[in-house]
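Biologist: I am new to this structure and should like to understand the reasoning behind its description. May I put some questions to you as we look at it?

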Amino acid sequence: MERKDFIEQVGMSGAALLVMGCFGSCTKSDGGGGSSPNPSNPTKPVDFTINISNSPFNVLQNNGGFYVDTANNVIIAKTTSGMLIAVSSLCTHQSVTLEFQGNNNRFYCPGHGSNFNTAGTVLNGPATAPLKSFKTALSGSLLRIYE
Ligand code: FES
């Protein structure tokens with residue numbers, strides 16, 4: 001085999017390997033977009049966006065307003081001082097869906113009367129564990145809720 005023939009054959013094989021390598025890595029790395037779940041926790045992290053100009057989210061334009069996102073089990077509220085906050089919507093006692101009491105600036109459980117402050121800390125039981133809190137970021141009228 002002459003040197004020129006050898007380089008042509010190796011060159012073709014190398015190019016083929018590069019293409020195959022790209023296919024392999026593209027398949028592995030693109031699992032549908034978004035953030036990857038924690039391997040120790042197979043549930044997908046909370047990360048969604050709502051437009052607070054549109055119904056039913058426009059209740060969040062008013063201090064004391066709140067919205068429960070049942071798909072993510074998150075309650076989003078606008079505090080009396082105008083901060084947009086988000087915590088898990090299920091009471092840590094027996095998983096009853098919470099409400100936000102704007103006049104008291106706290107999360108209230110109609111199940112057995114537990115109350116949580118705006119950070120999710122228990123104010124009174126029977127619940128003993130705090131609510132999980134989420135980050136919020138407002139850009140125009142788009143509100144992102146994420147971990
Ligand atoms: S379920 Fe909330 S206090 Fe019992």
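Modeller: Let us begin with valine 87, which stands opposite serine 133 in E9. This is a predicted model, and the pairing described here is computed from its coordinates.

Biologist: What makes E4 and E9 count as paired strands?

Modeller: Two strands pair if at least two bridges are found between them.

Biologist: How many bridges join E3 and E4, and in which sense do they pair?

Modeller: E3 and E4 are joined by 5 bridges in the antiparallel sense. One of the residues concerned is isoleucine 75, whose bridge partner in E4 is valine 87.

Biologist: Why is E4 described as largely enclosed by the rest of the structure?

Modeller: A residue is buried if 20 or more other C-beta atoms lie within 10 Å of its own. In E4, 4 of the 5 residues are buried, and therefore the strand is largely enclosed by the rest of the structure. For the chain as a whole, 18% of the 147 residues count as buried.

Biologist: Which sheet contains E4, and in what order do its strands lie?

Modeller: E4 belongs to an open sheet of 6 strands in the order E1-E10-E9-E4-E3-E2, with antiparallel pairing. Strand E1 (47–51) and E2 are called edge strands because each pairs on one side only. On average, neighbouring strands of this sheet are turned by 20 degrees against each other, direction ignored. Within the sheet, 5 bridges join E9 to E10 in the antiparallel sense, and alanine 137 stands opposite arginine 144 in E10.

Biologist: Where is the other sheet, and what are its edges?

Modeller: An open sheet of 4 strands has the order E5-E6-E7-E8 with antiparallel pairing. Its edge strands are E5 (99–101) and E8 (122–124), each pairing on one side only. E5 is joined to E6, residues 106–108, by 3 antiparallel bridges; there, glutamate 99 has tyrosine 108 as its bridge partner.

Biologist: Which residues touch the most other members of the largest nonpolar core?

Modeller: Of its 21 residues, these are Ile75, Ile76, Ala86, Val87 and Phe107. E2 (66–69), E3 (74–78), E4 (84–88) and E10 (142–146) each supply at least two residues of this core, and E3 gives the most, with 4 residues. Isoleucine 76, leaving aside its neighbours within four places in sequence, has contacts that include Leu60, Phe66, Leu84, Ala86 and Ile145.

Biologist: Why is asparagine 73 called partly exposed?

Modeller: The label lies between buried, at 20 or more neighbours, and exposed, at 12 or fewer. Asparagine 73 has 15 C-beta neighbours inside 10 Å, so it counts as partly exposed. Asparagine 73 is placed in the loop between E2 and E3. Its contacts beyond four places in sequence are with Ser88, Ser89 and Leu90.

Biologist: And what makes serine 95 exposed?

Modeller: Serine 95 has 12 other C-beta atoms within 10 Å, and the limit for exposed is 12 or fewer, so serine 95 is exposed. Serine 95 lies in the loop between E4 and E5, and its phi is near 65 degrees, a positive value in a residue other than glycine.

Biologist: Where is asparagine 105, and why does it count as partly exposed?

Modeller: Asparagine 105 is found in the loop between E5 and E6. With 16 C-beta neighbours inside 10 Å, asparagine 105 falls between the two limits and therefore counts as partly exposed. Phi of asparagine 105 is also positive, near 55 degrees.

Biologist: Which peptide bond is cis?

Modeller: The bond joining serine 55 and proline 56 is cis, with omega about 5 degrees. Proline 56 has its place in the loop between E1 and E2.

Biologist: What is the confidence of the prediction, and where is the pLDDT below 50?

Modeller: The mean pLDDT of the chain is 80, and 71% of its residues reach 70 or more. Over residues 10–42 the pLDDT is below 50, and this stretch has 7 contacts in the model beyond near neighbours in sequence. Where pLDDT is low, the predicted coordinates should not be read in detail.

Key. Residues numbered from 1 in each chain as written. Predicted model: local features only at pLDDT ≥ 70, side-chain atom pairs only at ≥ 80, totals over all residues. Core = buried A, V, L, I, M, F, W, Y, C linked by C-beta atoms within 7 Å. Contact = placed C-beta atoms within 7 Å. pLDDT = per-residue confidence, 0-100. Axes fitted to C-alpha atoms, helices over the stretch in contact; angles between N-to-C directions.
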